[in-house]
Amino acid sequence: MAHDLRDASAVGRGRHGSRPSILNRVLGVATAAMLGIDAVVHARDAHFYDAVRTSVISQGTLFRLEAAVATLIAVALLIRPSRFWWAAALIVAASAFGAVVLYQYVDVGQLGPIPNMYEPTWALPGKSASAWAEGIGVILAAAGLLTSRARTHA
C-alpha cells in the first residue's frame, strides 16, 4: 500500500521523482520562446538560401534543420525541462548565434560540405530578431542548465 502511494505521488514529476522548480519552468518557457523565434525565422527564410550550396548541402537545408531542431528542443523544454534538454538548448542557441555573428563579419568561405554563408548585413528581414533571440536563448539556457536539479539516484 505504501509503495502504491509513493508511485501515485510521483505522477507529474520527472524521471527521477523531482518536479522542476518554478524558476526552471519560467526559464523553460522563455527559452522555448527564443528557440521558437529562431525556428520561425529559419523556416520562413530557408527558401531564400536554397541556391547557396555545395555538392552536399544548401544553406536553405541547414536553415530547415535549424528550425526543426530548435522546435523539437523548445517543445521538450516545455514538456519536461531536464539537464539534457537545457544542454541541447544551449548548444543549439550558441551554435546559431555564433554562426550568424561569424558569417556577418567574416568571409570564412566554404567549410568542407558547409557552403559559404557570408552575409555582411543586418538589414535582411528576421536576421537581427533571430540573432537577438539566439543570444538571449544562450543566456536563458545557461541559466536553466545551472539552476536545474541534478539527477538523484534513489
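This is a predicted model: local features need pLDDT of at least 70, side-chain atom pairs count only at pLDDT 80 or more; totals for chains, interfaces and linings use all residues.
Trainee: Why are helix 2 and helix 5 called roughly antiparallel?

Mentor: Take the angle. Helix 2 (residues 22-45) and helix 5 (residues 127-147) pack at about 150 degrees. Angles over 145 count as roughly antiparallel. Helix 2 and helix 5 therefore get that label. Their axes are 8 Å apart, and the crossing is left-handed.

Trainee: Which residues of helix 2 and helix 5 meet?

Mentor: On helix 2, they include Leu 23, Leu 27, Met 34, Ile 37 and Val 41. On helix 5, Ala 133, Ile 136, Gly 137 and Leu 140 are among them. The contact residues divide into 12 nonpolar, seven polar and two charged.

Trainee: At what angle do helix 4 and helix 5 cross?

Mentor: Helix 4 (residues 83-105) and helix 5 cross at roughly 145 degrees, and their axes come within 8 Å. This crossing is left-handed. The division here is 15 nonpolar, four polar and three charged.

Trainee: What makes Gln 59 buried?

Mentor: The relative accessible area of Gln 59 is 5%. Buried means under 20%, so Gln 59 qualifies. Gln 59 sits in helix 3 (residues 59-79). Leaving out residues up to four places away in sequence, Gln 59 touches Tyr 49, Val 52, Pro 115, Asn 116 and Met 117.

Trainee: How many aromatic pairs are there?

Mentor: The count comes to three.

Trainee: Why is the pair of Tyr 49 and Phe 63 called tilted?

Mentor: The ring centres of Tyr 49 and Phe 63 are 4.7 Å apart, and a pair needs centres within 6.5 Å. Their planes stand at 40 degrees. Stacked needs under 30 and edge-to-face over 60. Tyr 49 lies in the loop between helix 2 and helix 3, Phe 63 in helix 3, 14 residues apart. Both are buried.

Trainee: What makes the pair of Phe 84 and Trp 85 edge-to-face?

Mentor: The planes of Phe 84 and Trp 85 are at 80 degrees. Edge-to-face starts over 60, so the label holds. Their centres are 4.9 Å apart.

Trainee: How do you know that Phe 84 is exposed, but Trp 85 partly exposed?

Mentor: Phe 84 has a relative accessible area of 56%. Exposed means over 50%, so Phe 84 is exposed. Trp 85 has 24%. That value falls between 20% and 50%, so Trp 85 is partly exposed.

Conventions
Residues are numbered from 1 along each chain as its sequence is written. Side-chain values use heavy atoms; hydrogens and water are left out. Axes are lines fitted to C-alpha atoms, for helices over the stretch in contact, and angles run from 0 to 180 degrees between N-to-C directions. Helices (H or I, at least four residues) and strands (E, at least two) are DSSP runs, numbered from the N terminus. Angles under 35 degrees count as roughly parallel, over 145 as roughly antiparallel, 65 to 115 as roughly perpendicular and the rest as oblique. A crossing is left-handed if the near helix is turned anticlockwise from the far one by less than a right angle, and right-handed if clockwise. Contact means heavy atoms within 4.5 Å. Ala, Val, Leu, Ile, Met, Phe, Trp, Tyr, Cys and Pro count as nonpolar, Asp, Glu, Lys and Arg as charged, and the others, Gly among them, as polar. Buried means under 20% relative accessible area, exposed over 50%, partly exposed in between (1.4 Å probe, protein chains only). Rings of Phe, Tyr and Trp (its six-membered ring) pair if their centres lie within 6.5 Å; planes under 30 degrees apart count as stacked, over 60 as edge-to-face and the rest as tilted.
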